[in-house]
Protein chains: 2
Amino acid sequence: MTRLAIDGMGGDYAPRMVVDGLSLFHAQDPSVEFLLYGDEVSLKRSLDPYSSLRKVVEVVPTTEVVTSDMSVSQVLRGMRGESSMHCALKAVAEKLADGVVSAGNTGAYMALSRMILRTLRGIDRPAIVGCMPTQRGLSVMLDLGGTLQCDACHLVDYALMGEIFAKKILGIEKPSVGLLNVGVEHSKGGDTLKEASGVLQSLPIHFVGFIEGNDIPKGTVDVIVTDGFTGNTVLKSGEGILNLVFQSMRQQLASDWRGRLGYWIARKSFEQLKSQFDPRKHNGAIWLGLNGVAVKSHGGADALGFSSAISNTVKMINVSITEVLEECFSQYHTWINGERGL
Amino acid sequence: MTRLAIDGMGGDYAPRMVVDGLSLFHAQDPSVEFLLYGDEVSLKRSLDPYSSLRKVVEVVPTTEVVTSDMSVSQVLRGMRGESSMHCALKAVAEKLADGVVSAGNTGAYMALSRMILRTLRGIDRPAIVGCMPTQRGLSVMLDLGGTLQCDACHLVDYALMGEIFAKKILGIEKPSVGLLNVGVEHSKGGDTLKEASGVLQSLPIHFVGFIEGNDIPKGTVDVIVTDGFTGNTVLKSGEGILNLVFQSMRQQLASDWRGRLGYWIARKSFEQLKSQFDPRKHNGAIWLGLNGVAVKSHGGADALGFSSAISNTVKMINVSITEVLEECFSQYHTWINGERGL
C-alpha cells in the first residue's frame, strides 16, 4: 500500500486546490493513503465535502508556512523546521511515507529536499526532471531549474539519471540522449559542454551528441540534457508559446462567422489538440537523485494539475525509481570515475 | 540610394534561394541596388530569369566559400579572405555598400563581422537581435547566439542596444526592458544577473527587473535581455514548438470529416493564424553594435525569408541605426562607466 506525504500549504491556490487534487486522484485510485501537512482548520474545512477521501487522509497539523516569496536562506536559517513542507519531506526521510508532493516555493523545496532527504551516493546534485510532448511522443528533459550553473560532471550525472528515467517511466528500451547546445557540430558551445560530451561518448548509453533547441519539440532524442537555467527558461517559454498560439487561434476563429462555424463543426478535433498540449497533463516535475521520491507541482497548478503530480509520484514509487537509480548509478559510477580520473 | 552587399553563397539553398529572395524584395522596392558576391557562373545562371532584377545587381566573383560545417578558426585562419562572406563584409567596411546580408555559417559570419567591421566604440561584443511575436505585438530579444557566456557588462550593453533598437525600429517611445531569469524575485539567479540588474536599475531606461521564460510570449516587456546560449535555445525551441502545434493541428483536423469540413469553412482564419506566426516574416537576425549594418538570415530560409532579411537591413539603414547607436551609446556610456567605477 502506498502512502504519500502532501504539503497542504504549497501553491497559489492552496490548501483548497491541493485537497481538490487529492480528491480527483482518489477517484481514480482509492488505494493510496495521504499524510496531509498544514493548517488543521483550513485543511479540514477543505476536506469537508469529500467523505470518501477523508477515509484515506490523515491531517497532520503544522505551525509554519513556506511562502513563495521567501528566499532559500530565509527558509533554511530563519524557520524552526515546522512548516508543512519541512514536515512532509521528513515523513519520507523517516519512512512514514513513500513519496512527497508540494506545489510550494521551488527553490526552498529543492534546498529542503537536499537537506532532509539527501542525494543518493555518487550524485552531487539532484535534477528536476519533466516530460514534454514532441512530434514522436514524450521526451524527458533535465535539469529544469535545480542547478542553474552546471559543470560537466553534473551534466553527465543528469544524462545517466534521465536515461534511467526514460527506461523505467516511459518504457523506452534504449533511450537516446542528447546534450542541448547552440549547434550540433562538435566545435559548438563552451568547454563544459565539450567536456561532458567527451565523457558521455565513452559511456554505454545511446548518446547522440549535441542537439539544438528545435530538436526538443521534434523529439530528436528521448532524453534532453541541459543546465537548470536553460531548462527552466525553455520550459516556461514553451508553455507561454503554447498559450499564445491557442489564444491567437481562439481570437482568429472568433473574428468572423466562418471561423465560428468551422470551429463548431470541428470542435472535437480542437478539443483533442488542446488536450494533447494541456500542460496540466504533464504537471509534476520530479526531483531525481534523492533518497526518496519527491515531486514538485507547478505553483499555479489547478486540481487536475495537482492530481497529475500525484499520479507521477505514484508511478515513480511503483517502479522503485530510487532503488533502481541507486543500483544503476553505482554500476555506471565505475565508468564515470574512470573517465574523471583521466 | 541604398546599396547592399549580399553573400550569394550562404545558406542551405544558395545561391538560387538568395537570388529568388532578391527578386521578391526587388518587386516591392526596385530602388535598392545589390553587390552580389559569389561564384559568377552559378549566380548569373540564377539571375537569368529576372531581367528587371539584373539591372540593379552587380555580380562580384569570389573564389572561396565558407561552408556551414567550417569552424570559426578554420574560417579566420585557414582562408585567404576571398570568400563571398569576407568580400560582402569588406564592401560595407570600405563604404561600397550600406549594409550586408548573409544566410551562411553563423559563427563564421559573427567572427568575420567583428574582425572586418569592428564593434562600435564602447561596445565589447556585438549582439544578435531579433523580433518575436507576443500577445502584445512584437518584442525585441537579444543576444540570440553571438556571445554564449555573458558577463554583467555584456548584459548591460545588450539592454541599452535593445532599448535603442526598440525605439528606432519598433517605434516604441519608452521601451520596457527585462532581464531573463528563472524567477522574478530579486533573490533568483546567479551573481552575473544580479550585478547586471543592479547596474540597469541605476540607468535612465525603463528597466522592470527580472522576467521569466513565460514572460517572453506574454510580451511583458518590449526588450528581453539574455545571454547568447539561452537566447539561441529559446528562439530555436520556440520555432520548433510552433511547428509542432501547427503539424498537430493539421493532423487532428485531417483525421475525420468534421475536422476537414470545419477547416475548409474556417480556412481564412487558419491562414491568418499561420501568417501571424510565420517565422519567415521575422527572419533576419541583426548584428547590433558594429560599424555597419549586418543581418543574418536563417540558414534554412527560403526566398520569402531571405527577402524579409533584406527588408530588415534596409529598415536599419533608413533609421541610421549605426549612427544613432554610436551617439546614444556615448551618452549612456558616461552612466555605465560611472557604475563600473563603483
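**Salt bridges**

I began with a tally of salt bridges in this predicted model, and over all chains the structure holds 20 of them. I then picked one inside chain A to look at: the side chains of A:Glu163 and A:Lys167 meet in a salt bridge, with N to O at 3.5 Å. Why might these two be placed to meet? Both belong to helix H7 (residues 152-168) of chain A, and being four residues apart there, they are separated by about one helical turn. That N to O value of 3.5 Å for A:Glu163 and A:Lys167 sits within the 4 Å cut-off used for a salt bridge.

Next I asked how many salt bridges run between chain A and chain B. The count is two. One that I noted forms between A:Lys236 and B:Glu212, where the closest N and O atoms are 2.4 Å apart.

**The A/B contact**

I stayed with the two chains and looked up polar contacts. Between chain A and chain B, ten residue pairs are in polar contact, with both residues at pLDDT 80 or more. Which elements of chain A supply the side that touches chain B? I found strand E5 (127-134), helix H9 (215-218), helix H10 (228-254), helix H11 (257-265) and helix H12 (267-276), each supplying at least two residues. H10(A) gives the most to this side, with 19 residues. I also sorted the side of chain A that touches chain B by class: 22 residues are nonpolar, 24 are polar and eight are charged.

For the overall extent, I wrote down 54 residues from chain A and 54 residues from chain B in the contact. Together the chains bury about 4600 Å² between them, and 69% of that is on carbon and sulfur atoms.

**Sheet in chain A**

I moved on to the strands. In chain A, eleven strands form an open sheet with mixed pairing, and I read the order as E3-E2-E1-E4-E11-E10-E5-E6-E9-E7-E8. Which strands are at the edges? They are strand E3 (57-61) and strand E8 (206-211) of chain A, each of which pairs on one side only. Ignoring direction, neighbouring strands of this sheet are turned by 25° against each other on average.

I took one pair for a closer look. Strand E1 (residues 3-7) and strand E2 (residues 33-38) of chain A pair in the parallel sense over five bridges.

**Sheet in chain B**

An open sheet of eleven strands turned up here, with mixed pairing and the order E3-E2-E1-E4-E11-E10-E5-E6-E9-E7-E8. Its edge strands are strand E3 (57-61) and strand E8 (206-211) of chain B, and each pairs on one side only. From one strand to the next, the twist averages 25°.

B:Val140 has B:Val223 as its bridge partner in E9(B). I also checked a helix against the sheet. Helix H8 (residues 191-201) of chain B packs on the sheet and touches strand E7 (176-180) and E8 of chain B, with its direction making about 160° with that of E8(B).

**Backbone notes, chain B**

I finished with some backbone details. Where is B:Pro15 placed? I found B:Pro15 in the loop between strand E1 (3-7) and helix H1 (16-28) of chain B, and the peptide bond joining B:Ala14 and B:Pro15 is cis, with omega about 0°.

I flagged a cis peptide bond between B:Leu142 and B:Asp143 too, where omega is about 5°. B:Asp143 lies in the loop between E6 and helix H7 (152-168) of chain B.

My last entry is B:Lys95, a residue other than glycine whose phi is positive, near 60°. I located B:Lys95 in the loop between helix H5 (84-93) and strand E4 (99-102) of chain B.

Note on methods
Residues are numbered from 1 along each chain as its sequence is written. Chains are lettered from A and ligands numbered from 1 in the order in which they are written. This is a predicted model: local features need pLDDT of at least 70, side-chain atom pairs count only at pLDDT 80 or more; totals for chains, interfaces and linings use all residues. Side-chain values use heavy atoms; hydrogens and water are left out. Contact means heavy atoms within 4.5 Å. Buried area is the accessible area (1.4 Å probe) that two parts lose on being put together, summed over both. A polar contact is a pair of N or O atoms within 3.5 Å; within protein, one must be able to donate a hydrogen and the other to accept it, and residues adjacent in sequence count only if both atoms are side-chain atoms. Ala, Val, Leu, Ile, Met, Phe, Trp, Tyr, Cys and Pro count as nonpolar, Asp, Glu, Lys and Arg as charged, and the others, Gly among them, as polar. Two strands pair if DSSP finds at least two bridges between them. Axes are lines fitted to C-alpha atoms, for helices over the stretch in contact, and angles run from 0 to 180 degrees between N-to-C directions.
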